[in-house]
Amino acid sequence: MQFKTPLAVVTGIFAFLCIYYLSFTFVSRGIESDAVEFATDSKSGEVNQSKKTAYLDSMWTSPVLNLGIAEFTYKQVKEQEVKLGLDLRGGMNVTMEVSAADVLRVLAEQNPNPAFQTALNEATKASYTDSRQFVDIFYEKFNAQSGKPTLARIFANRNNIKIINFNSSDKDVLKYLNDEVNSTIDRSFEILRARIDKFGVTSPNIQRLQGTNRIQIELPGVEDPARVRKLLQGAAKLEFFEVYETSEWVPFFNTLNDKLYAEENAGGAAAASLLADAAEDTSAVTADTSSNALLAAAGDSAEKSDTGATATVDTAKKDDKKDTSSVKSSKTIARLFKPGQGAEGVIYVATKDTNKVNTLLNREGIRSIFPKEMMFLYGNKPFDNGQGAQLVPLYFIKNGRDGKAPLDGSVITNAYNDFEPLRGTPVVSMQMDGVGTKLWRKLTAANLKRKVAIVLDNQVYSAPVVQSEIPNGSSQISGNFTIEEAKDLANILKAGRMPVPTRIVEEVVVGPSLGAESIQQGLTSILIGLGVIVFFMIAYYAKSGVVANLAVLINILLILGMLVPMDAVLTLPGIAGIVLTIGMAVDANVLINERIKDELAMGTPMELAVRNGYNLASTSIWDANITTMIAGVVLMFFGSGPVQGFATTLVIGIFTSLLTSVYITRIITEWRMSKGVQMTFSTGFSKGLFKNINYNFVAKRKIAYIVSAVIITAGLVSWNVSGLNYGVDFEGGWSYIVTAEKNVDTDGLRNKLEPFLAGKPEVKTFGSADRIKITTTYLIDDASEDAAAKVQSKLEEGLNAATDNKYTVLQGSKVGPTIARDIKSKSITAMIIAMAGIFAYIWVRFRKWEYALGSTIAVIHDTLIIITAYTLLKDVLPFSLEIDQNFIAAILTIIGFSVNDNVVIFDRIREQFKEDGGKTDKETLINQALNYTFSRTVITASTVFVVVLILLLFGGETIRGLSFALLIGVITGTYSTIYIAVPFLIDAGSKDDAKAGSAVPAKA
């Protein structure tokens, strides 16, 4: 074997890196386990979440892992661990959508033109089924209106006069509209990210879904979904406030210091508690940690310039400063607050301490120290202080006497990034309406050489210094901006003018108990599946089976290790992908071992038999895995959420299986042989099995054609008569998983829920008889902020009315109409692309259209058989058979598996043609190839069937539909390979197969 040593070295490095990445996960889980133990009451056994959070906070910046060359804090460990999906750890997944129709209404200043309003309404309805950009749909509907004005007449106004005017072309206006819609989505993304950071969720994930006006948010561990919905869906609140200078707030801090010092020394419970929490982390404390030094530093900072200002403020003469050397120091203040670091009017707080600071400053008896109109607001951008801590500025803001800001964002007519004419540095230009101009003149005149804070959602985004009174409402904000920072600030300022709320179009809420249950089910499936494979390989292939098992274990290690650097998420379907990979990894080992056994049967010496076996099998293995890889990659791009997790582990598993099965096992086998170990490739049980098989498969092909046609026809008739059960993914709606104290009468409960959910909800058993899944379309088109709360409230009313049982909602989810449309569209596209890709690969690889078309017909056959099973058995089986994303994932996987089978036999057929040279008729050669590969076909199908059956039995209700589709697919995929795809080569009618088959030589 060439490159044996480099391959071994690369594999060793690869395995080491995987162990390195997995070590972070083990350490993180250990710390979390310690936190639970620390927070668990010894008597009641209940976990105190506050104590658990405090424990984890105390470890956040502490070194917890020492690998010799580097130390890692708990924060760094958390960033490097394997990320679990919400179905495994509980939490909330939300897809937000920015209403493009609302954006257009605002841009048109609520223009009442009938053609415009009609086009908007028609475009909104059409967007439920049309996947094009909303502006394009609107333009099409607008053009269809009679008596319509030009687009410029609708949208040109004083706010956009620098971009479009009444004479602008439709093309220019459309560009402006698309830019503004995208700008609104970007702004919404930033606002949502800031809100999520403020919410205090560990490891949140937020991403904009490119090509759409949607934003996807994942919030692990949240326990108050209603609060999350309210937080995410509210319109942005932009305000302008005066800022207290340092000299103005320091005296109040002196009073706070005296009070806390007295409490600490008198044993005050509240101060002691804060002090104890703060004392757990000293990583961010500077050399002088006394409050005396802190207050002195705060005073010094008053004479320094703010990074966003062009002038400074002289707050006090040095000679007039209070002598702080004799002031008694409060340790609480010293621990929680950091010096101003050169910025006027601010003090700094570690991000992890913000809740403690909020508690302190708003505590009864302390809040009264400060003026009533003083507010404490944080800046929006934390930074690293160079000592392992993230700091955020705390501003002292002056609220209006009526509790309102002196000026809000509604008066802003436009904002854009620009460049200062003389120096060419980035600035932000801002324009206000008439009301805003008057208020802005008054505010700037009263704050000359002082800061004015720009606040969005109670976070300070900028605090520029006022250089002069601004009388005309046109302002320029300058500072040390980068171009991107200037763009971001301009975008934020537009939030006042563009009050477009985001709405939830899809959500999933998973309770922590359900997540823990899913982890247990996933681990059970992996362990049982692995145990079955290990036992079978040793029982069938003896010592070679031991090597194959070692490769499978390495394979699992590599899959899990690769999830971290790929920033992938492990979901329950992802675990199913690992289990399926275990089964499919056996296929490569079976191919190699069967080839070696063939060589040994012909009298080939052991060393040469091993070399030939690997060489002859490698072509088939590569071809088979590439076709499965095509289906997996398509699923990765077109799937979402847990299904994408399934595709990710499947694709990683295919890659690692090739490495371990084709190369690692060979290195180990040849190394053992070099050490004098007599390798064995069969046992007494398997030695004579499948020997001298000579069954005439192709002679029965026409019977198989008829059987398949009858089954598929029955399925199509049933589909037309009784239909299929489309899941929420495809239909849209609300779905809830509910547990009960006693077994549930689903029909009776459905009848009791009907009056509450305004229609006929679907109620089905979900796993055990005391757990159900309820689906309803009640209020699915309601885009209001409290729609989810309304639906769940009505559901709970209905459940409470069923007095014969007690119910608890474990999980809730929503799929809006537009999301359902996109999922359906993407699913169809994914299947077409997968089939086209596999067709193209086989055609290019074998240079015969018959091979490609035969495989395509076979996968269409398999798909129709699975659909037939779903429509005929949907009301028969004790679990739900829904057409959803899991079903599509199963179909694409089976397409890969079926073609995998086809390619192995096609490779043998090609080899047969080459060796025969045209002497034997085509039908006989094809039948020989089927018999030669029959042992591999049966073994592979059987092992995959068993591991999928394990998934069906032990994997949990969430993936039961996926497992069932895979189970049917394994059966029909094996059948279609033998009786549909391969026999098609005979019936395709080509007369030059022997010649064509030799055009591409088999790898030797």
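Author: Let us begin with an open sheet of eight strands, whose order is β5-β6-β4-β19-β24-β21-β23-β22 and whose pairing is antiparallel. Since this is a predicted model, local features need pLDDT of at least 70 and side-chain atom pairs count only at pLDDT 80 or more, whereas totals for chains, interfaces and linings use all residues. Residues are numbered from 1 along each chain as its sequence is written, and side-chain values use heavy atoms, with hydrogens and water left out.

Reader: What makes β5 and β22 stand at the edges?

Author: Two strands pair if DSSP finds at least two bridges between them, and β5 (205-209) and β22 (762-766) each have a single partner strand, so one side of each is left without a neighbour in the sheet. From one strand to the next, the twist averages 20 degrees.

Reader: How do you know that β21 and β24 count as a pair?

Author: The requirement is at least two bridges, and eight bridges join strand β21 (residues 733-740) to strand β24 (residues 807-815), so the two are paired, and they run antiparallel. Within this pair, Tyr 736 stands opposite Gly 812 in β24. Helices and strands here are DSSP runs numbered from the N terminus, a helix being H or I with at least four residues and a strand being E with at least two.

Reader: Which helix packs on this sheet, and which strands does that helix touch?

Author: Helix α10 (residues 225-233) packs on the sheet and touches β4 (91-98), β6 and β19 (502-510), its direction making about 160 degrees with that of β19. Such angles run from 0 to 180 degrees between N-to-C directions, the axes being lines fitted to C-alpha atoms, for helices over the stretch in contact.

Reader: Why is Ile 217 called buried?

Author: Buried means under 20% relative accessible area (exposed is over 50%, and partly exposed lies in between, with a 1.4 Å probe and protein chains only). Ile 217 has a relative accessible area of 1%, and is therefore buried. Ile 217 is placed in strand β6 (residues 214-220).

Reader: What does Ile 217 contact, leaving aside its neighbours within four places in sequence?

Author: Contact means heavy atoms within 4.5 Å, and the partners of Ile 217 include Met 92, Val 94, Leu 192, Ile 206 and Leu 232. Leu 192 is 25 residues apart from Ile 217 along the chain, and their C-alpha atoms are separated by 8.9 Å.

Reader: Why are α6 and α7 called oblique to each other?

Author: Angles under 35 degrees count as roughly parallel, over 145 as roughly antiparallel, 65 to 115 as roughly perpendicular, and the rest as oblique. Helix α6 (residues 114-126) and helix α7 (residues 134-143) pack at an angle of about 130 degrees, with their axes 8 Å apart, and the two are therefore oblique to each other. Among the residues that make the contact are Phe 116 and Leu 120 of α6, together with Ile 137 and Phe 138 of α7.

Reader: How many helices and strands does the protein have, and what percentage of its residues is buried?

Author: The protein has 32 helices and 24 strands, and buried residues make up 55% of its 1004 residues.
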